[in-house]
Amino acid sequence: MDILFDTANLDDIERLTPIYPVTGVTTNPTILKAEGKVDFYAHFRRIREIIGPDRTLHVQVLAKDTRGMIDDAHKLLDRIDDRVYPKIPTTEAGIAAMRHLKAEGVKVTATAIYSKTQGFLAIATGVDYLAPYYNRMQSLDIDTRGTLEALAGFIRRFDAPSKIMAASFKNVSQVSHALEAGADAVTLSPKLLRVALSAPGIEAAVDTFIDDWEKIYGTRSLPD
């Protein structure tokens, strides 16, 4: 199971990566917008410095045509590092770009997936990750769970190398459901993880244990 941070915030990545068992970082232009007009390539090189060489870094292309997507992918690989996973939208032009990049040996993440058809086409190209948009699919009344289960079934049936990296979450319940439905990975904002661990009941349970210890032993710490 892979857990990735869906953020471009350097402070969050640096502070929280040592805490949470994250295996990478994903971004897109909307996420990057929150950081202001940063020096694009330098910003991502800094993210790489923070997360190290073994975690994955996924960065979106901007072009909509096949040639442009391929060129954008090469820019990311040349100006950030050669371990970047270019995120390619799963359109007709994107499928062609994915095939070209995979033939070159590039690691690819297929993104903007809303349907089984997009998913099995991405799997057939041999992409490394495919990213179904969980919350956005639910908002369109698409059977999100069924879609993930079907895609996971395709991968098993054809022994494909692809992993499902579910994305676009609004709450931690969606994250759990995506993993239960067959996602191999999830990418979510650090805020969602922190919300999950800051429920009032958790803190109350910890405080109760400490209070009970104090009633017995008269201290609030373990003996030396």
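**Salt bridges in close-up**

**View 1. The Asp 211–Arg 220 pair.** In this predicted model, Asp 211 and Arg 220 form a salt bridge, with 3.1 Å between the closest N and O atoms. Asp 211 is partly exposed, at 32% relative accessibility. Arg 220 is also partly exposed, at 48%.

**View 2. The Asp 12–Arg 15 pair in helix H1.** A salt bridge joins the side chains of Asp 12 and Arg 15, at 2.7 Å from N to O. Both residues belong to helix H1, which covers residues 10-16. Asp 12 and Arg 15 sit 3 residues apart, about one turn of the helix. Arg 15 has a relative accessible area of 41%, so this residue counts as partly exposed.

**View 3. The Arg 46–Glu 49 pair in helix H3.** Helix H3 spans residues 40-51 and holds both Arg 46 and Glu 49. About one turn of the helix, 3 residues, separates the two. Their side chains form a salt bridge, and the closest N and O atoms are 3.0 Å apart. Glu 49 is exposed, because its relative accessible area is 57% and the cut-off for exposed is over 50%. Arg 46 has a value of 31%, so it is partly exposed.

**View 4. A network of salt bridges.** Four residues take part: Arg 48, Asp 81, Asp 82 and Arg 83. Salt bridges link them in a network. Side chains of opposite charge can pair when their charged atoms come close.

View 5. How many salt bridges does the count come to? The count comes to 14. Among them are the pairs Asp 12–Arg 15, Arg 46–Glu 49 and Asp 211–Arg 220.

Key
Residues numbered from 1 in each chain as written. Predicted model: local features only at pLDDT ≥ 70, side-chain atom pairs only at ≥ 80, totals over all residues. Heavy atoms only, no water. Helix = DSSP H or I, 4+ residues; strand = E, 2+ residues; numbered from the N terminus. Buried < 20%, exposed > 50% of the residue type's maximum accessible area, 1.4 Å probe, protein only.
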